[in-house]
There are 2 protein chains.
Amino acid sequence: MQLDPNGHPTSPRGFRAALHTCGIKVSGSPDLALLVSDRPSRWDAVFTTNAVAAAPVEFGRERLADGVPLRAILVNSGNANAVTGAQGLADARETAALLERSLEIPEGAALVSSTGVIGVPLPMDKIRHGVPAIAGLPVTDGGAAFARGIMTTDTRPKHASISVPHAGGMVTLGGCAKGAGMIHPRMATMLSYLTCDADVHPEVLGAAFRRCVESSYNRISVDGDTSTNDTCVLLANGAAGLPPILPGTTAADDFEQALRILTAHLSREIVRDGEGATTVVRLDVVGARDALQAELVARAVCNSPLVKTAIHGRDPNWGRILCAAGYAGAGVTPRSVDLSIQDVPVLVRGTPAVFDAPALSRAMRGEEVLIRLDLGQGTDTTTFWTCDFSAEYISINADYTT
Amino acid sequence: MQLDPNGHPTSPRGFRAALHTCGIKVSGSPDLALLVSDRPSRWDAVFTTNAVAAAPVEFGRERLADGVPLRAILVNSGNANAVTGAQGLADARETAALLERSLEIPEGAALVSSTGVIGVPLPMDKIRHGVPAIAGLPVTDGGAAFARGIMTTDTRPKHASISVPHAGGMVTLGGCAKGAGMIHPRMATMLSYLTCDADVHPEVLGAAFRRCVESSYNRISVDGDTSTNDTCVLLANGAAGLPPILPGTTAADDFEQALRILTAHLSREIVRDGEGATTVVRLDVVGARDALQAELVARAVCNSPLVKTAIHGRDPNWGRILCAAGYAGAGVTPRSVDLSIQDVPVLVRGTPAVFDAPALSRAMRGEEVLIRLDLGQGTDTTTFWTCDFSAEYISINADYTT
C-alpha cells in the first residue's frame with residue numbers, strides 16, 4: 001500500500017473534474033472547481049463545529065440528511081458565503097440547482113462548498129455564468145486542477161492517491177485538501193474531498209471515514225481559529241466494478257488503512273503549507289492518564305504562540321512547552337514529566353536536563369521538529385501536527401480584506 | 001478620586017523601595033527590586049492558575065496560608081525560577097530567609113517573586129551577594145525604580161497611585177505591574193504589587209481585592225499564554241494613622257472603587273505595552289445569555305490570531321470576529337448578533353451592514369480600537385482588553401533564550 005503524492009481526486013475510476021475562472025477572485029486566479037462522479041456515489045461528510053456555520057455547510061448538512069447519492073461537488077474560492085443570512089442559503093440552493101440542470105443529474109445530487117472572505121454576498125451574476133461554463137469541462141485527469149481551484153492563501157495544491165488490492169483487482173482512493181489559515185483542530189477539517197472507486201458498504205464508509213478524520217484533520221493546527229466553512233467529503237462510486245467491501249472483513253480493514261494513510265498525508269500537507277510556516281512540528285503526547293488529558297495538553301501546546309514563535313527561531317525554549325501543558329486545564333503533574341526535542345532529553349522527571357542548546361537549535365533547522373512530551377501519569381497517547389509562527393503569518397493576515 | 005499616572009507603590013505612606021543590579025540578566029539591566037513596608041502589613045495575594053507553578057508561587061501560597069503580616073517583597077527579573085524542581089523551592093526559601101536576616105524583620109515576613117526564563121536554576125551566588133546589598137537601599141520615593149526593576153520584555157514601567165478621603169484624612173493606594181508576553185486572561189495576573197496606607201479590615205481587603213483582580217487583570221490578553229509565575233499582591237499597612245476601613249461602610253466602597261480604578265489602569269497598561277503591540281482593543285460583549293457566555297466569547301475573540309492580525313492591519317474584517325465568537329463553544333446564534341467597530345455598525349441582526357471600509361480602516365488607526373459585540377440573547381455583559389498581533393511579537397519571541 002503505497003501513497004502516490006501525485007495522485008488526486010480523479011485517480012479513482014469514474015470521476016472527472018474541471019477548473020474555471022468566473023471572476024470571484026479579484027486576482028483573476030481560478031475560482032471554480034467541479035468534481036463529478038459518473039455514477040451515483042455513496043458519500044459521507046463532516047462539517048465545521050463552529051456555531052457560525054457558512055450557508056453551504058448548512059445546505060450540505062441538509063443534503064447529507066436527505067441521503068441522495070452524490071453526483072457532483074462545486075467549490076468556489078474567494079468568497080466563503082458565510083454570515084450572509086437567508087440570501088446566502090438561497091444562493092447555495094440556487095447554485096446547486098443550476099449545477100444539477102447544467103449537468104443533467106437528478107435533483108439533490110449536487111453539493112456546493114465555498115471558501116474565502118466572510119460576510120460578502122456570493123456574486124451570483126458571476127456564478128450564473130460560471131456554472132454552465134464549467135459543467136462542460138470535466139475530464140478524467142482533472143483532479144489536480146480541481147485541487148488548484150479550491151486554493152485561497154495556499155501556496156500549492158495538496159493532493160494524493162493510494163491503491164489497495166481487493167478481490168483480485170485494485171481499488172483506488174484519491175483526495176485533495178486546501179487550507180493554510182483559520183486551521184484549528186476542533187474542526188471537521190478545512191476543505192477536503194476524498195474519492196474512491198470501490199463499492200463500500202455504508203457502515204464501513206461511515207465508520208472508517210469518521211475515525212480517519214479524527215486522527216488526521218482533527219489533529220492539526222495552524223492558528224487555533226476554527227473556520228466557518230470546514231468541510232470534508234468522501235465519495236465511493238463503485239466504478240472499479242469489484243465486489244463490495246463489507247463490514248468485518250479484511251477488505252474493510254485495508255480500506256480504512258488506505259484512507260488513514262491518505263488523510264494523514266493530506267492533513268500534514270495542510271500544516272506544511274500553513275500561512276507563513278517554515279517548519280512542521282510533530283507533537284507526541286504519551287504517558288497520559290486518559291485520551292482527554294492527552295488531547296487537552298496537545299491542543300494547548302500546538303496553539304501556544306510562544307511555543308510556535310520559539311520553534312520559528314529554532315529556540316529549544318522547552319519552558320514554554322511545559323508552561324502550555326500546565327495551563328491546559330488537564331491536571332498535569334510537573335514532577336512526572338519527561339520532555340524531549342528532536343530526541344534530545346531536555347526535562348527528566350520534572351528536572352531540567354543538561355543539553356547542548358546550540359547543537360539542539362541546529363538540529364531543529366530541518367523540515368520537521370519532533371517534540372515528545374511524556375506526562376508520566378498513564379498510558380494514553382496522541383499525536384498532533386502544527387507549524388511554526390512567523391512574521392509572514394502576520395503580513396498575510398494583517399490586510400486580507402483591505 | 002483622581003488617578004495619578006506618576007504615582008507608584010511607595011506613594012502610600014510607610015513604604016520604601018529600591019532597585020539593584022546583581023547580574024542575573026546578561027544585558028546588565030537592573031534585576032532585583034525590593035519593596036519594604038515599615039510596619040507589619042495586612043496582605044492578600046492571588047497566583048497563577050497554571051498547574052506548572054513556579055517555585056516562588058508555591059512558596060507564596062504557603063506564606064499566604066501562614067498569614068504572617070508582610071514586611072518585604074523581593075522580586076528578581078531575568079529568571080522565573082520555574083520548573084526548577086526541589087532545588088527551586090529551596091532557593092526561594094533561602095532567598096526569603098536571607099532577606100529577613102538582612103532587613104532584620106521577623107521570620108515569615110518576606111515574600112519573593114521571580115520572572116524571566118523558565119527552567120534555569122536561580123543563580124544563587126549572585127542572589128547571595130545581591131540581597132544584603134539591596135537591603136540597605138530602600139527609600140521612600142523608590143516605587144518608580146521598583147517598577148523598573150521587575151521588567152522583562154516590557155518597554156516601560158507601569159505604575160500609578162490614587163488617593164481617597166477617609167475619616168478627615170486621606171488614604172493612598174499605589175501600585176505597579178509588569179508583563180508584556182505570556183499574558184492571558186485565565187491568570188491571577190502577571191506580576192503586580194499594590195500598596196495602601198489605610199488600615200483595611202481583612203474582610204474588606206480580601207473581597208475588594210479579588211473582585212478588582214477579576215475585573216482587571218483577569219480580563220486582559222496579549223497572547224493567550226498563561227504564565228507559570230503570575231502573582232498579584234496587595235499590602236495595606238495602616239501607616240496613614242486613620243481609623244480602620246470596616247465592612248459595610250461607605251469607606252469600604254470608596255476603597256474598592258479606588259482599587260478598581262488603579263487595577264483597571266495598570267492592567268490596561270500591560271496590554272498597551274504588549275509585546276509588539278501598536279494598538280489596544282477594548283471588546284464589549286453585551287446581550288449575553290449569562291456571564292459565562294459573555295466570557296467565553298470575549299476570550300475567544302481576544303485570543304484569535306486572525307482577529308489580532310486584522311486589527312494590526314487596521315482591517316475591519318469583522319467576519320473573523322464573528323467566526324471566533326462562533327467557535328467559542330458558547331451557543332452563539334448568528335442571526336441575533338449585532339457588531340460594531342469604532343461605533344460603526346458592520347453587522348445588524350446577523351446581516352452584513354453597508355459601511356465605508358476605507359473610512360473605518362482610517363478610524364482604527366488610533367491608540368484604541370473599540371469592538372462592540374451584542375449577542376442578542378440576554379442582558380449579561382463583559383469587557384475585555386487585548387492588543388494587536390504584529391511581526392514584532394514574532395521577532396521578540398523567536399529567539400528569547402538563544
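Reader: How are H8(A) and H11(B) oriented to each other?

Author: In this predicted model, the axes of helix H8 (residues 305-312) of chain A and helix H11 (residues 391-398) of chain B come within 8 Å and cross at roughly 70°. Axes are lines fitted to C-alpha atoms, for helices over the stretch in contact, and angles run from 0 to 180 degrees between N-to-C directions. Under 35 degrees counts as roughly parallel, over 145 as roughly antiparallel, 65 to 115 as roughly perpendicular and the rest as oblique. H8(A) and H11(B) are therefore roughly perpendicular.

Reader: What pLDDT do local features need here?

Author: Residues are numbered from 1 along each chain as its sequence is written, while chains are lettered from A and ligands numbered from 1 in the order in which they are written. The model is predicted: totals for chains, interfaces and linings use all residues, side-chain atom pairs count only at pLDDT 80 or more, and local features need pLDDT of at least 70.

Reader: Which residues of H11(B) meet H8(A)?

Author: Contact requires C-beta atoms, placed from the backbone, within 7 Å. H8(A) brings A:Leu306, A:Thr309, A:Ala310 and A:His312. Facing them in H11(B) are B:Ile394, B:Asn397 and B:Ala398.

Reader: How many residues of this contact of H8(A) with H11(B) are charged?

Author: Ala, Val, Leu, Ile, Met, Phe, Trp, Tyr, Cys and Pro count as nonpolar, Asp, Glu, Lys and Arg as charged, and the others, Gly among them, as polar. Four residues of the contact of H8(A) with H11(B) are nonpolar and three are polar. As for charged residues, there are none.

Reader: Are H1(A) and H2(A) oblique or roughly parallel?

Author: Helix H1 (residues 55-66) and helix H2 (residues 85-103) of chain A have axes that come within 8 Å and cross at roughly 60°. Their contact includes A:Phe59 of H1(A) and A:Leu89 of H2(A). H1(A) and H2(A) are therefore oblique.

Reader: Which element gives the largest share of the side of domain 1 of chain A that touches domain 2 of chain A?

Author: An automatic or database assignment sets the domain bounds, giving domain 1 (3-272) and domain 2 (280-398) in chain A. Their contact takes 12 residues from domain 1 of chain A and 11 residues from domain 2 of chain A. On the domain 1 side, strand S9 (220-221) and helix H6 (250-272) of chain A each give two or more residues. The largest share, four residues, comes from H6(A).

Reader: Which strands of the seven-stranded open sheet stand at the edges?

Author: Helices (H or I, at least four residues) and strands (E, at least two) are DSSP runs, numbered from the N terminus. The chain A sheet has mixed pairing and the order S9-S16-S11-S15-S12-S13-S14. Two of its strands have a single partner strand each, so one side of each is left without a neighbour in the sheet: S9 and S14.

Reader: What is the bridge partner of A:Leu339 in S15(A)?

Author: Strands pair if DSSP finds at least two bridges between them. Four bridges join strand S12 (residues 338-341) to strand S15 (residues 368-374) of chain A, and the two run antiparallel. The partner of A:Leu339 is A:Leu373.

Reader: Which residue in the turn between S12(B) and S13(B) has a positive phi?

Author: S12(B) and strand S13 (residues 344-348) of chain B pair in the antiparallel sense over three bridges, B:Ile341 being partnered with B:Val344. They form a hairpin with two residues between them. The residue with a positive phi, about 50°, is B:Gln342.

Key:
Two residues are in contact if their C-beta atoms, placed from the backbone, lie within 7 Å.
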